[in-house]
Amino acid sequence: MNFRLALALLVLPLPALAETPQQIRAAYASEAAATQPGFSAAAQRGERLFRQQFTVTAKMPSCTSCHTANPLQAGEHVVTGKAIRPLAVAANGERFTDPAKVEKWFGRNCKEVVGRACTPAEKADFVAYMSEVR
Amino acid sequence: MKAVFSLLTPLASLLLALPAQADRLPLPADTPPAYRAECGSCHLAYPPALLGANDWRQLMGKLDSHFGSDAAVNPEIGQKLTAFLVANAGNPNRTGAAGNPPRISQTTHFLKEHRKIPARFWSDPRVRSAANCEACHTNAANGRFSEHDIAIAELRR
């Protein structure tokens, strides 16, 4: 009992502060599985999404407009020139560790670049790609 | 002698401090973390003193169409950020008119400070946009806008 309590105290505060990219990917994947039974996230599909030319706006036709074709590299905001730290987890350990931040930026960038909200399946794939790319 | 010194020192430090004031614009100590997170992700977390209170109110009221982007934030954060910007806004007599929609780079103050920059530098790939303070002002993120502290050698003074 004491051991369990101690363990709970140790473990409980962590998920509220930070998550791992795996946890964030799993959360989106299970959301996707609710409408697509058997769904499993795939880095390859995530990469396709990352490179796809949506051309909803002329200045930001794709994710790569700001994040560059190499997610291990730093990017640059295409309008303001502001430096953007790499998206890939291998190059930037802070990526995909804050679910609210991840959701916020999917919300903003999907709307602006893809022209609609991204689906949970697309988000799971995207996180998979960014977690695995080396 | 000592009395003269004690009188001179504050006077001298005041005189020395004056010229530096105009290009020292650090963010206030009580800047909400959301300011850097929300506004500072896409552009420099601009010093609030660079626009007047009414300009900030107008800008924050239309974040969903923010210079071609939907930069909307949740209403609670929006209110907090507006209150912060308004409380630390510049004197509109000093910033001057900012245009409609208000732009820091269209204020009388900004235009005057940058009047000697040849037009080609604004479209230089290193600069890209007048929104990109850090392209030239290396230490803009720390509120330092001195004309001696410029990344592009040809523009340094």
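**View 1. Salt bridges across the whole model.** The structure, a predicted model, holds 13 salt bridges over all chains, each being a side-chain nitrogen of Lys or Arg within 4 Å of a carboxyl oxygen of Asp or Glu. Side chains of opposite charge can pair when their charged atoms come close. One network, joined by salt bridges that share partners, is made of Asp124(B), Arg126(B) and Glu154(B).

**View 2. The pair Lys123(A) and Glu103(A).** Here the closest N and O atoms of the salt bridge are 3.1 Å apart. Lys123(A) sits in helix α7 (residues 120-132) of chain A and Glu103(A) in helix α6 of chain A, so the pair ties together parts that are 20 residues apart in sequence. Helices are DSSP runs of H or I with at least four residues, and strands are E runs of at least two, numbered from the N terminus. Lys123(A) is buried at 10% relative accessible area, while Glu103(A) is partly exposed at 37%. Buried means under 20%, exposed over 50% and partly exposed in between (1.4 Å probe, protein chains only).

**View 3. Two further salt bridges in chain A.** Arg116(A) and Glu122(A) meet at 2.8 Å, N to O; Arg116(A) is partly exposed at 38%, and Glu122(A) is buried at 16%. Glu94(A) and Arg85(A) pair at 3.5 Å, with Glu94(A) exposed at 55% relative accessibility and Arg85(A) partly exposed at 46%.

**View 4. Where chain A meets chain B.** Contact, meaning heavy atoms within 4.5 Å, links 13 residues of chain A with 17 residues of chain B. About 1,300 Å² is buried between the two chains, 40% of it from carbon and sulfur atoms; this is the accessible area (1.4 Å probe) that two parts lose on being put together, summed over both. Thr80(A), Lys82(A) and Arg108(A) supply 42% of the area that chain A buries against chain B, more than any other three residues.

**View 5. Charged pairing at the interface.** Four salt bridges are counted between chain A and chain B. In the one between Lys111(A) and Asp70(B), the closest N and O atoms are 2.4 Å apart. Helix α6 (residues 99-114) of chain A gives the most to the side of chain A that touches chain B, with five residues.

**Notes.** Residues are numbered from 1 along each chain as its sequence is written, with chains lettered from A and ligands numbered from 1 in the order in which they are written. Local features need pLDDT of at least 70 and side-chain atom pairs 80 or more, while totals for chains, interfaces and linings use all residues; side-chain values use heavy atoms, leaving out hydrogens and water.
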